[in-house]
Amino acid sequence: MADASRSAATAKYRKPKLPLKVRLSVSLISAITDAICRSDGTINRRLISFLNLRAPPNPTTVRGVRTIDLTVDPSRKLWFRLFLPVDGRPQRLPLIVFFHGGGFAYLSPDTRAYDLACRRIARKIPAVVASVNYRLAPEHRYPAPYEDGIDVLRFVDSGGIDAVAGYLVDTSSCFLAGDSAGANIAHHVACRWAAAGGGWSKVRLLDSPKSFLLRVLCHELISNPMRSSDH
């Protein structure tokens, strides 16, 4: 009787069929993921470099936005792409520090899809967007991306973007955002920022008159905070 009831419930709540285009896209992504992952858990970076369509920085304004790449730490290839909208408003714009998705292991700010997404965010809000190139797994273990995220905030706090965007951005109105794994990073960077307490010159705590606002946008991939033997 229980099995019959379970079968009836399964039939009643059967998953809807996905559109053909979605199924083809998922199949293609799965095939690519399987191809670039080696049996020992490492990733074939040479192969993925051919499959990852990239967009270079463009200092020329395109659709109301220009881009500049700024280096934070060359020794660990920590940099971010700054998206600067051309906006005629007299007031300065907020800053969005964005972390791309990719399962902590793939993609980068210059991946064409994320370049287009951040351009759209910068233009539509409008806001200055800093898309972070954090270190990827499995070459770099936890908590490398979280450390990179907080170091980008320190870079901003020390005036690292003032020369190219100081006239445009209001760093006292800053948001953290991310997609999938990037939203997880944004969440943990926010926690680290809050735990750091004082010591920020431009980035201020939430109870100060000009607070540094922290928000997590997009889908968030939450993982177990307890480290396992697989990490």
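The following legends describe close-up views of a predicted model.

Residues are numbered from 1 along each chain as its sequence is written. Because the model is predicted, local features need pLDDT of at least 70 and side-chain atom pairs count only at pLDDT 80 or more, while totals for chains, interfaces and linings use all residues, and side-chain values use heavy atoms, with hydrogens and water left out.

**View 1. Overall arrangement of the chain.** The chain contains seven helices and five strands, where helices (H or I, at least four residues) and strands (E, at least two) are DSSP runs numbered from the N terminus. Read from the N terminus, the order of elements is α-α-α-β-β-β-α-β-α-α-β-α. Of the 231 residues, 39% count as buried; buried denotes under 20% relative accessible area, exposed over 50%, and partly exposed the range in between (1.4 Å probe, protein chains only). Among contacts in the chain with a separation of 6 or more, 72% involve residues 24 or more positions apart, a contact being heavy atoms within 4.5 Å.

**View 2. The five-stranded sheet.** An open sheet of mixed pairing is formed by five strands in the order β1-β2-β4-β3-β5; two strands pair if DSSP finds at least two bridges between them. β1 (65-73) and β5 (169-178) are the edge strands, each pairing on one side only. On average, neighbouring strands of this sheet are turned by 25 degrees against each other, direction ignored. Axes here are lines fitted to C-alpha atoms, for helices over the stretch in contact, and angles run from 0 to 180 degrees between N-to-C directions. Helix α4 (residues 112-124) lies across β1, β2 (78-85), β3 and β4, at about 45 degrees to β2. Helix α5 (residues 144-157) lies across β1, β2, β3, β4 and β5, at about 55 degrees to β2.

**View 3. Strand β4 and its two partners.** Strands of a sheet pair through backbone hydrogen bonds, either parallel or antiparallel. Strand β3 (residues 93-99) runs parallel to strand β4 (residues 128-133), joined to it by five bridges, whereas β2 and β4 pair in the antiparallel sense over five bridges. In β4, Val-128 is the bridge partner of Leu-95, and Val-129 is the bridge partner of Phe-83. Val-129 in β4 also stands opposite Ile-96. Six of the six residues of β4 are buried. Val-128, Ala-130 and Val-132 point one way from the strand and Val-129, Ser-131 and Asn-133 the other way.

**View 4. The nonpolar cores.** A nonpolar core is a set of buried Ala, Val, Leu, Ile, Met, Phe, Trp, Tyr and Cys residues joined through side-chain atoms within 4.5 Å. The largest such core has 34 residues, and those with the most contacts inside it are Phe-80, Leu-82, Leu-95, Val-97 and Ile-161. Elements giving two or more residues to this core are β1, β2, β3, β4, α5, β5 and α7 (181-196). Another core, of ten residues, lies apart from it and includes Val-65, Ile-96, Ala-122 and Ala-177. Leaving aside residues up to four places away in sequence, Val-97 touches Ala-130, Val-132, Val-152, Leu-153, Cys-174, Phe-175, Leu-176 and Ala-177.

**View 5. Aromatic pairs.** Rings of Phe, Tyr and Trp (its six-membered ring) pair if their centres lie within 6.5 Å; planes under 30 degrees apart count as stacked, over 60 as edge-to-face and the rest as tilted. Since Phe-98 lies in strand β3 and Tyr-114 in helix α4, the pair ties together parts that are 16 residues apart in sequence. Both Phe-98 and Tyr-114 are buried. The rings of Tyr-142 and Tyr-146, with centres 5.6 Å apart and planes at 90 degrees, form an edge-to-face pair. Tyr-142 is partly exposed at 41% relative accessible area, while Tyr-146 is buried at 5%.

**View 6. Backbone features in the loops.** A cis peptide bond, with omega about -15 degrees, joins Ile-125 and Pro-126; Pro-126 lies in the loop between α4 and β4. The peptide bond from Ala-137 to Pro-138 is also cis, with omega near 0 degrees, and Pro-138 belongs to the loop between β4 and α5. Leu-107, in the loop between β3 and α4, has a positive phi of about 70 degrees although it is not a glycine.
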